[in-house]
Amino acid sequence: MLKDELNKFFTETKANAFISESPQTRLWFANVQTSDGYLIIEPNKAYLFVDGRYIEYATKNAKNVDIKLLEKGTLSEFLKKKNYKLVAVEKDYLKLGTFESFKEMLPKTEFIQVNGQQFRIKKDAEEVAKVKEACEISLQAYEEVKKLLKVGMTELEVSNKLGYIMRLFGAEKESFESIIAFGSNAAEPHHHPTDRKLAEGDIVKMDFGAQFAGWASDITRTFFFGKPKNQDLIKVLDTVIEAQKLGREAVKPGITTKEIDKICRDYIEKQGYGKFFTHSTGHGVGIDVHELPYVNSACDTILEEGMIITVEPGIYIENVGGARIEDTVLVTKDGSQVLSRPEDYK
């Protein structure tokens with residue numbers, strides 16, 4: 001865990017504490033996966049409140065925190081003893097009812113809302129290793145599923161097999177519902193698998209990811225099953241492959257995320273498909289499969305060592321089909337490492 005962004009936040013805002021109930025922040029800061037709990041981080045101290053279901057687990061596994069048993073009144077009594085003047089809460093995950101209870105427990109405290117993802121935007125070596133493992137599990141499962149493809153299999157069948165095989169290779173679960181799209185269904189960027197059957201010559205789009213030790217991967221591959229039956233889609237796929245290659249090879253410290261987006265978008269526009277590239281070029285990956293930084297035309301985040309992003313341009317033509325290629329890319333000290341292409345770094 002890198003605390004640079006968190007420490008910078010405390011210095012700049014003068015906040016007395018950051019309070020979070022999100023499972024993502026508990027995993028990032030305290031190294032525990034629990035469905036409930038409260039994390040209170042002060043500039044020089046942190047506390048984790050969990051109920052009786054998790055007290056033994058947290059005591060054995062939590063890092064960087066003092067463990068407190070969460071029982072009726074314990075959190076309220078704890079906060080009453082504090083003289084917090086300014087408290088930050090995590091707006092992305094905080095329930096309205098919970099926020100109201102915080103205000104009741106701290107009636108004289110001013111609250112500010114923050115995006116907790118900003119604190120984990122850069123990953124340390126241990127976190128990178130978990131994302132890398134999630135990528136490798138995903139790719140192993142993908143290669144196995146490709147071997148099983150045959151005419152007549154449905155999108156749902158392939159999706160279910162992919163998720164099952166990911167678990168066989170060590171995933172806790174899928175990091176999101178796999179997107180499996182055959183033929184014209186590939187024109188939908190986020191297609192939900194259906195009973196559409198695979199046919200010879202179909203274009204096949206597979207967007208998938210594994211979760212390993214709480215950390216996610218996000219990968220998309222597009223290919224033809226057999227000899228392409230739509231010749232126009234050959235150019236579509238070739239264009240996406242080249243645009244994505246240009247984008248991922250541009251990833252390095254100092255470049256902005258909007259520049260990565262522009263590189264991919266400009267190439268696709270040059271090939272005549274600009275209006276068919278309908279989403280952003282990527283996003284951060286970590287505990288959440290979609291997190292900071294955003295890779296789009298409006299975000300000028302400067303990439304730094306330790307950030308992990310996706311590069312995923314796509315072209316989607318209604319009633320015809322589409323293609324997307326996506327890789328999970330680590331920003332290194334001098335450039336980048338494509339975590340979802342192990343052949344490039346082994």
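Pro293 is found in strand 14, which covers residues 291–295. In this predicted model, the peptide bond from Leu292 to Pro293 is cis, with omega near 5 degrees.

**Backbone geometry**

- Most peptide bonds are trans, and most residues other than glycine have a negative phi.
- The bond joining Leu292 and Pro293 is cis, and Pro293 belongs to strand 14.
- Lys14, although not a glycine, has a positive phi of about 65 degrees.
- Lys14 is placed in the loop between helix 1 (4–13) and strand 1 (17–20).
- The relative accessible area of Lys14 is 62%; Lys14 therefore counts as exposed, the cut-off being over 50%.
- Asn31 also has a positive value in a residue other than glycine, with phi near 65 degrees.
- The loop that holds Asn31 runs between helix 2 and strand 2 (38–42).
- Asn31 has a relative accessible area of 26%, and because this value falls between the limits of 20% and 50%, Asn31 is classed as partly exposed.

**Largest pocket**

- The volume of the largest pocket is about 290 Å³.
- Its lining consists of 21 residues.
- Of these lining residues, Ile179, His190, Asp207, His290 and Glu312 lie nearest the centre of the largest pocket.
- Sorted by class, the lining of the largest pocket holds six nonpolar, nine polar and six charged residues.

**Second largest pocket**

- The second largest pocket contains about 220 Å³ of space.
- A set of 14 residues lines the second largest pocket.
- Gln24, Lys173, Gln211, Gly214 and Ile287 are the lining residues that lie nearest the centre of the second largest pocket.
- Helix 2 (residues 23–30) supplies the largest share of this lining, namely three residues.
- The lining of the second largest pocket comprises five nonpolar, seven polar and two charged residues.

**Annotated domain**

- The UniProt record, an unreviewed entry, places the feature "domain: Peptidase M24" at residues 130–333.
- Over residues 130–333, the chain in the model is 32% helix and 24% strand.

Note on methods
Residues numbered from 1 in each chain as written. Predicted model: local features only at pLDDT ≥ 70, side-chain atom pairs only at ≥ 80, totals over all residues. Heavy atoms only, no water. 1 Å grid on protein atoms, 1.4 Å probe; cavity = no way out; pocket = protein on both sides within 12 Å on 5 of 7 lines; lining within 4 Å. Points joined across faces, edges and corners; volume = space filled by probe spheres on them. Nonpolar A, V, L, I, M, F, W, Y, C, P; charged D, E, K, R; others polar. Helix = DSSP H or I, 4+ residues; strand = E, 2+ residues; numbered from the N terminus. UniProt positions renumbered as here; feature names shortened; annotations may be inferred. Buried < 20%, exposed > 50% of the residue type's maximum accessible area, 1.4 Å probe, protein only.
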